[in-house]
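Please read these points with the structure open beside you.

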Amino acid sequence: MTIAETVTGPAPQPYTYRRRPLIEPDWQRLPGWRHVTRQEWESAQWQRAHCVKNIRQLQQVLGDLIDESFYADLHRDQTGHATMPMLVTPQMLNTMDTSTTEAFYADPVRRYMLPVASDRRTDWPSHPCATRDSLHEADMWAVEGLTHRYPTKVLAELLSTCPQYCGHCTRMDLVGTSTPAVAKHRFTARPADRHEAMLEYLRRTPTVRDVVVSGGDVANLPWPRLEAFVDRLLDIDSIRDIRLATKALMALPQHWLQDEVRAGMERLAAKARRRGVALAVHTHVNTARSLTPLVARAARGLLEAGVRDVRNQGVLLHGVNDSPAALLDLSFALLDEAQIMPYYLYMCDMIPGSEHWRLPLWRAQELQHAIMGYLPGFATPRIVCDVPYVGKRWVHQPADYDRLRGISYWTKNYRTTLEADDPHALERRYEYYDPIHTLPPEGQEWWREQARRAVM
Ligand code: SF4
């Protein structure tokens with residue numbers, strides 16, 4: 001026994017693991033849903049028909065549980081700042097803490113699904129280097145909606161809608177309807193023609209073995225069309241990995257529990273197994289409280305249907321999940337209670353209006369360090385930075401890091417179509433930026449000086 005132990009006892013662990021049963025909060029506590037039955041709640045049609053799309057509908061659900069001042073704050077955001085339209089499924093709204101206005105303001109799910117004007121920074125609401133389509137996905141389209149950024153993988157954006165809209169959406173350029181602050185871009189080709197062009201490109205590009213089928217959210221594609229697309233993907237010999245991207249597994253688990261969808265997933269999984277292809281589902285859960293028994297049931301249903309894995313790609317967001325305990329609680333809930341593999345945590349991308357959500361790289365590095373060693377290695381999520389023009393990098397991979405100005409420098413080890421003719425692409429350094437308000441005073445002054453020069 002050490003001297004310290006004889007005086008104070010053993011020092012506590014930074015994090016204490018304990019299993020926490022999942023909870024489906026009682027939706028009947030909310031005035032607008034007082035009479036909603038379990039059968040209605042578990043119906044995908046009922047959920048879709050009762051999504052909250054505007055402030056009036058939110059007030060109808062929450063009644064006088066939340067002060068008027070919140071709605072005024074929300075209105076200011078919707079009319080002046082929001083890059084995404086409002087769309088919250090009942091399932092997600094029900095997981096927010098509505099006990100008081102203060103609790104609702106502080107709620108992590110509320111903070112990214114229903115952002116209000118007072119959440120945003122007034123000094124630097126956007127980083128000067130923030131851009132729409134900050135990952136330049138459209139620049140790398142091989143055909144419309146098919147981003148070919150990595151040598152062996154592509155992202156197929158089948159559609160530009162979701163059953164829910166996240167305030168921080170990295171595809172704010174394209175996904176969802178326009179807001180007063182952002183006129184969205186639109187696909188120009190007909191969906192059927194775009195999908196056919198994607199399949200045609202993949203048939204003639206056998207170096208691509210891995211397809212992320214995404215959007216938007218594939219849950220918004222009518223099932224027969226999604227099944228037909230994946231079925232034809234499975235006919236392409238060179239495709240060995242297919243991942244379906246759907247936040248709706250958490251936000252609208254009722255969709256994935258429908259008989260038609262489950263039967264269709266069984267057919268796809270059986271064909272994938274016969275062909276030796278790994279068919280997986282990727283979802284997007286940011287907080288442990290979003291995992292309810294219904295979400296776990298939907299995830300288990302996919303595994304029972306025969307998909308190889310269900311994995312989570314969350315987003316690291318200030319005020320939502322930026323503590324070791326929040327990340328470990330989330331990861332253990334995913335792994336233990338829903339059999340969902342914690343996979344990635346992305347740093348929030350540099351889109352306009354995201355500074356209040358973004359974290360500096362050093363904080364992401366600290367968080368990665370803090371969560372190591374608790375989870376099995378295969379289930380320890382990697383915190384990654386999606387560096388513009390580079391792609392995903394682990395947060396400990398920068399080639400250099402100027403902490404004063406908050407600029408990290410990254411290198412890459414493959415070419416995209418954009419650098420096909422650039423002999424120096426692999427020697428270049430690509431930049432990523434910390435939020436300016438997190439810099440030391442001299443660093444913040446340096447950026448103010450850059451801004452002054454830019455307007456002169
Ligand atoms: S589900 Fe994904 S694509 Fe849809 S709004 Fe959220 S982050 Fe964007």
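1. Is Trp-33 buried or exposed? Trp-33 has a relative accessible area of 3%, so the residue is buried. Here buried means under 20% relative accessible area, exposed over 50%, and partly exposed in between, with a 1.4 Å probe and protein chains only.

2. The model is a predicted one, in which local features need pLDDT of at least 70 and side-chain atom pairs count only at pLDDT 80 or more, while totals for chains, interfaces and linings use all residues. Residues are numbered from 1 along each chain as its sequence is written, and side-chain values use heavy atoms, leaving out hydrogens and water.

3. Rings of Phe, Tyr and Trp (its six-membered ring) pair if their centres lie within 6.5 Å; planes under 30 degrees apart count as stacked, over 60 as edge-to-face and the rest as tilted. By this rule there are 17 aromatic pairs. Trp-33 and Trp-41 are edge-to-face because their ring planes stand at 65°, with the centres 5.6 Å apart. Trp-41 is buried too, at 1% relative accessibility.

4. Phe-70 and Tyr-71 make another edge-to-face pair, with 5.9 Å from centre to centre and 80° between the planes. Phe-70 has 0% relative accessibility and counts as buried; Tyr-71, at 4%, is buried as well. Elsewhere, ring pairs join Tyr-15, Tyr-17, Phe-332 and Tyr-374 in a cluster.

5. A charge sits over a ring if NZ of Lys or CZ of Arg is within 6 Å of the ring centre and within 35 degrees of the ring normal. Arg-194 is placed this way over the face of Phe-187, 3.6 Å from the ring centre.

6. Helices (H or I, at least four residues) and strands (E, at least two) are DSSP runs, numbered from the N terminus. Strand 4 covers residues 210-214, and five of its five residues are buried. Asp-210, Val-212 and Ser-214 point one way from the strand, while Val-211 and Val-213 point the other way. In a regular strand the side chains alternate between the two faces of the sheet.

7. Two strands pair if DSSP finds at least two bridges between them. Strand 4 pairs in the parallel sense with strand 3 (residues 153-157) over five bridges, and Val-213 is the bridge partner of Ala-156. The chain runs from strand 3 through helix 9 (residues 191-203) to strand 4 in a right-handed β-α-β crossover. Right-handed means that, with the strands pointing away from the viewer, the path from the first strand over the helix to the second runs clockwise.

8. Strand 4 also pairs in the parallel sense with strand 5 (residues 241-245), over four bridges. There Asp-210 stands opposite Asp-241.
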